Structures are given as C-alpha cells and as structure tokens.
Amino acid sequence: MSETTYGADAFSPSTPVLSVSPVVLPAPGRAVDLQVRVSAPVTGSGLPVILLSHGQGHSNHLSSLNGYAPLANFWAAHGFVVIQPTHLSSTTLRLDPATPGAPMYWRSRAQDMTRLLDGLDVIESAVPQLRGRLDPDRVAVAGHSMGGHTASLLLGARLTDPQDGTEVDLAEPRIKAGVLLAAPGRGGDALTAPIAESFPFLLTTDFSRMTTPALVVAGDLDASAHLTVNGPRWHTDPYHLAPGPKALLTLFGAEHGLGGISGYDVAETTDEHPGRVAALQRLTWAYLRTALDPGDPAWRAACDALTAGPDPLGRVESK
C-alpha cells in the first residue's frame, strides 16, 4: 500500500487539534502529582477517549506526556480526546532510585490510568474547551512497549507481585478496548536472564484473562534481543495467549519503533518509515472507532486498504 493512500484523509476528515499541558491532577500517596497532556479536536461533542501510556526508550523526554505526537496528534485530529500521563518511570521526573516501585513502577503506571478516569471532571475543568464534550462510556487504552504492558494489565492481564506473591488484578472495566504496540509477551523462559533478574514482575505475565477487545501490533523484525530469547514472535503473545475478541496487526519490516511512533524524527527510531507510521495511525484509529462503536465500518475499510495494493505494509488476523 502506498504512503500517499495512507497519508490521505480517505476515511475521516482531519480537524485542528487543541493540546494542553501540563494538566496536573492531585495524587495523594504518589511520589509526585500526576501530569498529563490533553489533545482534542477543536470541534465535536460526545468524543471518545484514548488513554496513551508511554514506553521507556533512550530519550530524555519522549517517555513522558511530551512523546508519541505522531499518534496523539492523528487520533485527536480524527475525533478522539487523547490523555497522556507522565508515569513515575519517566526520566523527566528523575526520581530517587530508592522510590518505592522503581524503576518501572508497573503498578503505579496502571493506577495512573484509573486515576485519570476518576479525574475526568478535573481534566474538563482544567481545559474549559472540553467541558461537556467527552463521552466517559467510550474509553480505550493504548500503550507502546512498557506502555503496552501497562495497557495489558488494564485490559485484564495479570501477574504475581514478586514482593509478596499475590496475584495482581488491575483490570479497569471502564476501558472498553485497547491497542498494544510492541508490548511485552509472556514471561518465564521467554525472558533473557538479565531481564528476569532485574524485572521479575515480567516473569509471571498471564494473558489468559485479558478479555477486553484489543488490537495487538507487532513488527516482524522486532527481535528485542535484550528482553526476550523468542525473537519477534514474543510481541504477538498478547494476541495468541489471550482470549478473543482480538486482532493482530503484523507490520512487515518493522522494528521496535514501528516506523517512528514515539516522536517525529527521533534518533532512537531504528526503522524510520513514514508510510508505516501513516498506516499504523490509520489502522489503530479505525480499530478503536469500530471497537467503541460496532456499527462503524472504519476497521473493515482500513483492513481492506492495507491489503489492496501489490506491496502491503502488513497483515491483519483476528479471532
């Protein structure tokens, strides 16, 4: 599929975007208050919401509310309100390494998203242009890399807390659909030894109760050799090991950055490909449109467009 087709507004018109940051939500008991960026179309009402969880990466600021502009801007320009928290794992906060939950703050990350849903009225008050325009009954979560792990927990995946051995259930019933972008797969012997030792919470990831509808996105060249011994297929585990309904988008030639979704022209992208990013923008948008409104034909149209040309950028399967 050509880059031109995916770059055009073939399925939905684009509108100007309003972006406000930082919006600060008081967070008693958290190391610092919760800062978020809110991006939304300047017009429209009854707008569905996407909670976007950042990954980690090597940059100083992409792992925060300032990252993922290629996705946040596109989704907002096409009818979603996108809310991006700065998780405690962000390098922008430079927290003391002894802070409880460091360095990945896996539990706090998921709790941030629940806090956002609890505080939608606070967000509306802080951004008056949004007042009365959100639809709290149509909420999705999306996350890249470690953000994908966060999203999977909110969608129903579970793990065993390595500190006390208890099973952790952080599923958020107000979230109706999700997108997992290059998310971690199963634990156990799929992890490299250094990762298993440093991040034991990943050892027990269980997707068997991740029942919320989700689109799993994986690059067929995303080996993530520092994380897993299973190669690129590891990132498809959330699809294969979770119950349906699920969809899997495999992007051909894509590495962990999936073409460059963490920011515009960022150095950490190893597979920069504007056409791939454009396809991913369109397909994730379309999936969530249809998942939150089953009568919407956007997902089928986007899937058809993906495979219509002689040189498709990926494939989709579903269950």
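Author: Let's start with a definition: strands (E, at least two residues) and helices (H or I, at least four residues) are DSSP runs, numbered from the N terminus, and two strands pair if DSSP finds at least two bridges between them. This is a predicted model, in which local features need pLDDT of at least 70, side-chain atom pairs count only at pLDDT 80 or more, and totals for chains, interfaces and linings use all residues. Residues are numbered from 1 along each chain as its sequence is written, and side-chain values use heavy atoms, leaving out hydrogens and water.

Now find the open sheet: its nine strands follow the order 1-2-4-3-5-8-9-10-11, with mixed pairing. At the edges, strand 1 (17-25) and strand 11 (314-318) each pair on one side only. Strand 11 runs antiparallel to strand 10 (residues 246-251), and five bridges join them. Here Leu-248 stands opposite Glu-317 of strand 11.

Next, the helices. Helix 9 (residues 298-306) lies across strand 9 (214-219), strand 10 and strand 11, at about 140° to strand 11; axes are lines fitted to C-alpha atoms, for helices over the stretch in contact (heavy atoms within 4.5 Å), and angles run from 0 to 180 degrees between N-to-C directions. The axes of helix 9 and helix 8 (residues 274-292) come within 7 Å and cross at roughly 150°. That makes the two helices roughly antiparallel (angles over 145 degrees). Their contact includes Trp-285 of helix 8 and Trp-299 of helix 9.

Note on methods: Parallel < 35°, antiparallel > 145°, perpendicular 65-115°, else oblique.
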